[in-house]
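These are my notes from a first reading of a structure that was new to me. I wrote each entry as I looked the point up.

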Amino acid sequence: MPFNYDQLTTHFGHIYPAHVEELCELLIQLRKQFFGDLDLMLILAIIGSRSLPARLASAMTYDEFKSVAKKAANLQPINIQSVAECSGIARETVRRKVNKLEELGLIERSQNGMLHVTDNATRTLSASTDASLQYLAALGDIYRNANRRGEEPDQKRKAEIQGIGSKE
(Lines give C-alpha, C1' and ligand atoms only; values in the text may rest on other atoms or scores of the structure.)
Protein backbone atom coordinates (compact mmCIF):
# COMPACT_ATOMS: atom_id res chain seq x y z
CA MET A 1 0.00 0.00 0.00
CA PRO A 2 1.64 3.26 -1.09
CA PHE A 3 1.89 6.20 1.28
CA ASN A 4 -0.77 8.80 0.67
CA TYR A 5 -0.60 12.32 2.12
CA ASP A 6 -4.29 12.45 3.03
CA GLN A 7 -4.12 9.10 4.80
CA LEU A 8 -0.93 10.12 6.60
CA THR A 9 -2.58 13.28 7.89
CA THR A 10 -5.74 11.39 8.83
CA HIS A 11 -3.72 8.90 10.88
CA PHE A 12 -1.15 11.43 12.06
CA GLY A 13 -1.78 10.71 15.75
CA HIS A 14 -0.79 7.08 15.25
CA ILE A 15 2.14 7.76 12.95
CA TYR A 16 3.78 10.76 14.64
CA PRO A 17 4.93 9.03 17.86
CA ALA A 18 6.55 6.17 15.93
CA HIS A 19 8.08 8.61 13.46
CA VAL A 20 9.68 10.70 16.21
CA GLU A 21 10.91 7.68 18.16
CA GLU A 22 12.33 5.89 15.12
CA LEU A 23 13.79 9.08 13.63
CA CYS A 24 15.59 9.78 16.91
CA GLU A 25 17.04 6.25 16.87
CA LEU A 26 18.15 6.71 13.28
CA LEU A 27 19.75 10.09 13.97
CA ILE A 28 21.52 8.70 17.06
CA GLN A 29 22.97 5.88 14.95
CA LEU A 30 24.00 8.28 12.18
CA ARG A 31 25.53 10.71 14.68
CA LYS A 32 27.61 7.88 16.17
CA GLN A 33 28.66 6.60 12.76
CA PHE A 34 29.74 10.08 11.65
CA PHE A 35 31.46 11.25 14.85
CA GLY A 36 28.66 13.68 15.73
CA ASP A 37 28.90 15.40 12.34
CA LEU A 38 25.59 15.08 10.53
CA ASP A 39 26.84 17.40 7.75
CA LEU A 40 29.44 14.73 6.99
CA MET A 41 26.61 12.21 6.68
CA LEU A 42 24.57 14.54 4.47
CA ILE A 43 27.48 15.13 2.11
CA LEU A 44 28.12 11.40 1.82
CA ALA A 45 24.39 10.79 1.21
CA ILE A 46 24.37 13.34 -1.62
CA ILE A 47 27.45 11.79 -3.20
CA GLY A 48 25.86 8.35 -2.75
CA SER A 49 22.60 9.43 -4.34
CA ARG A 50 24.56 10.46 -7.41
CA SER A 51 26.61 7.26 -7.38
CA LEU A 52 23.46 5.17 -7.50
CA PRO A 53 20.49 7.26 -8.64
CA ALA A 54 17.02 6.13 -7.57
CA ARG A 55 16.05 5.28 -11.13
CA LEU A 56 18.83 2.66 -11.21
CA ALA A 57 18.20 1.34 -7.71
CA SER A 58 14.42 0.99 -7.95
CA ALA A 59 14.44 -2.69 -8.92
CA MET A 60 17.31 -3.73 -6.62
CA THR A 61 17.18 -5.91 -3.57
CA TYR A 62 19.28 -4.92 -0.57
CA ASP A 63 21.76 -7.69 -1.41
CA GLU A 64 22.08 -6.37 -4.96
CA PHE A 65 22.63 -2.87 -3.60
CA LYS A 66 25.48 -4.15 -1.47
CA SER A 67 27.10 -5.98 -4.35
CA VAL A 68 30.20 -4.24 -5.65
CA ALA A 69 29.77 -5.11 -9.34
CA LYS A 70 26.20 -3.82 -9.56
CA LYS A 71 27.09 -0.43 -8.08
CA ALA A 72 30.35 0.07 -9.98
CA ALA A 73 28.55 -0.17 -13.32
CA ASN A 74 26.22 2.71 -12.43
CA LEU A 75 28.57 5.40 -11.09
CA GLN A 76 27.65 8.97 -11.89
CA PRO A 77 30.16 11.08 -9.94
CA ILE A 78 29.54 14.57 -8.59
CA ASN A 79 31.89 17.46 -7.76
CA ILE A 80 32.30 19.58 -4.62
CA GLN A 81 30.50 22.59 -6.11
CA SER A 82 27.44 20.49 -6.95
CA VAL A 83 27.39 19.00 -3.45
CA ALA A 84 27.57 22.50 -1.96
CA GLU A 85 24.72 23.74 -4.15
CA CYS A 86 22.56 20.72 -3.39
CA SER A 87 23.16 20.72 0.37
CA GLY A 88 23.28 24.45 1.05
CA ILE A 89 26.56 23.88 2.89
CA ALA A 90 29.37 26.34 2.11
CA ARG A 91 31.77 25.11 -0.59
CA GLU A 92 34.80 25.36 1.71
CA THR A 93 33.03 23.33 4.39
CA VAL A 94 32.09 20.71 1.80
CA ARG A 95 35.73 20.59 0.68
CA ARG A 96 36.94 19.96 4.26
CA LYS A 97 34.33 17.28 4.85
CA VAL A 98 35.09 15.61 1.51
CA ASN A 99 38.73 15.43 2.63
CA LYS A 100 37.58 13.75 5.86
CA LEU A 101 35.40 11.27 3.93
CA GLU A 102 38.41 10.47 1.73
CA GLU A 103 40.58 9.89 4.83
CA LEU A 104 37.93 7.52 6.15
CA GLY A 105 37.96 5.63 2.86
CA LEU A 106 34.26 6.30 2.23
CA ILE A 107 34.69 8.28 -0.99
CA GLU A 108 37.26 8.66 -3.73
CA ARG A 109 38.10 11.66 -5.86
CA SER A 110 39.08 11.15 -9.48
CA GLN A 111 41.84 13.18 -11.15
CA ASN A 112 39.22 15.56 -12.54
CA GLY A 113 37.80 16.18 -9.04
CA MET A 114 34.69 14.05 -9.38
CA LEU A 115 33.55 12.20 -6.25
CA HIS A 116 32.06 8.77 -5.78
CA VAL A 117 31.32 6.45 -2.89
CA THR A 118 33.72 3.56 -2.35
CA ASP A 119 32.83 -0.08 -1.88
CA ASN A 120 34.22 0.31 1.63
CA ALA A 121 31.44 2.79 2.45
CA THR A 122 28.75 0.17 1.89
CA ARG A 123 30.46 -2.22 4.28
CA THR A 124 31.45 0.40 6.87
CA LEU A 125 28.01 2.00 6.97
CA SER A 126 25.92 -1.18 7.06
CA ALA A 127 24.73 -0.40 10.63
CA SER A 128 23.47 3.00 9.48
CA THR A 129 21.76 1.47 6.48
CA ASP A 130 20.12 -1.10 8.74
CA ALA A 131 18.95 1.71 11.05
CA SER A 132 17.45 3.48 8.03
CA LEU A 133 15.64 0.31 7.00
CA GLN A 134 14.32 -0.13 10.56
CA TYR A 135 13.00 3.43 10.49
CA LEU A 136 11.21 2.87 7.19
CA ALA A 137 9.84 -0.50 8.31
CA ALA A 138 8.46 0.95 11.54
CA LEU A 139 6.70 3.77 9.72
CA GLY A 140 5.32 1.39 7.13
CA ASP A 141 3.96 -0.93 9.84
CA ILE A 142 2.28 1.91 11.73
CA TYR A 143 0.82 3.30 8.51
CA ARG A 144 -0.52 -0.07 7.36
CA ASN A 145 -2.00 -0.85 10.78
CA ALA A 146 -3.73 2.53 10.97
CA ASN A 147 -5.19 2.10 7.49
CA ARG A 148 -6.23 -1.50 8.20
CA ARG A 149 -8.20 -0.37 11.23
CA GLY A 150 -9.71 2.41 9.14
CA GLU A 151 -9.48 4.64 12.15
CA GLU A 152 -10.63 8.17 11.82
CA PRO A 153 -11.27 10.43 14.76
CA ASP A 154 -14.94 10.23 15.70
CA GLN A 155 -17.09 13.30 15.13
CA LYS A 156 -17.03 14.37 18.80
CA ARG A 157 -13.23 14.15 18.92
CA LYS A 158 -12.95 16.04 15.61
CA ALA A 159 -15.11 18.82 17.06
CA GLU A 160 -12.93 18.94 20.19
CA ILE A 161 -9.78 19.13 18.11
CA GLN A 162 -11.20 21.82 15.84
CA GLY A 163 -12.42 23.76 18.88
CA ILE A 164 -8.91 24.02 20.32
CA GLY A 165 -7.73 27.54 19.79
CA SER A 166 -11.10 28.89 18.71
CA LYS A 167 -12.60 31.74 20.70
CA GLU A 168 -15.76 30.92 22.60
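I began with Phe12 and found that this residue lies in helix 2, which covers residues 12-33; I keep in mind throughout that the model is predicted.

Next I turned to the whole protein, where I noted eleven helices and two strands, running from the N terminus as α-α-α-α-α-α-α-α-β-β-α-α-α. Of its 168 residues, 29% count as buried, and the accessible surface comes to about 10800 Å², with 53% of that belonging to carbon and sulfur atoms.

I then took up helix 8 (residues 91-103) and checked its length: at 1.5 Å a residue its 13 residues should span 18 Å, and the end C-alpha atoms are 18 Å apart, which agrees. Which residues of helix 8 are buried? I listed Thr93, Val94, Lys97, Val98 and Leu101, and since the buried residues fall within an arc of 135° seen down the axis of helix 8, they line one face of the helix. An α-helix has 3.6 residues a turn, so residues three or four places apart point the same way. The cover over the buried residues of helix 8 includes helix 3 (38-51), helix 7 (80-87), strand 1 (107-109) and strand 2 (115-117).

Key
Residues are numbered from 1 along each chain as its sequence is written. This is a predicted model: local features need pLDDT of at least 70, side-chain atom pairs count only at pLDDT 80 or more; totals for chains, interfaces and linings use all residues. Side-chain values use heavy atoms; hydrogens and water are left out. Helices (H or I, at least four residues) and strands (E, at least two) are DSSP runs, numbered from the N terminus. Buried means under 20% relative accessible area, exposed over 50%, partly exposed in between (1.4 Å probe, protein chains only). Accessible areas come from the Shrake-Rupley method with a 1.4 Å probe; for residues, only the protein chains shown count as cover. The expected span of a helix is 1.5 Å times one less than its number of residues. The arc is that of the directions from the helix axis to the C-beta atoms. Contact means heavy atoms within 4.5 Å.
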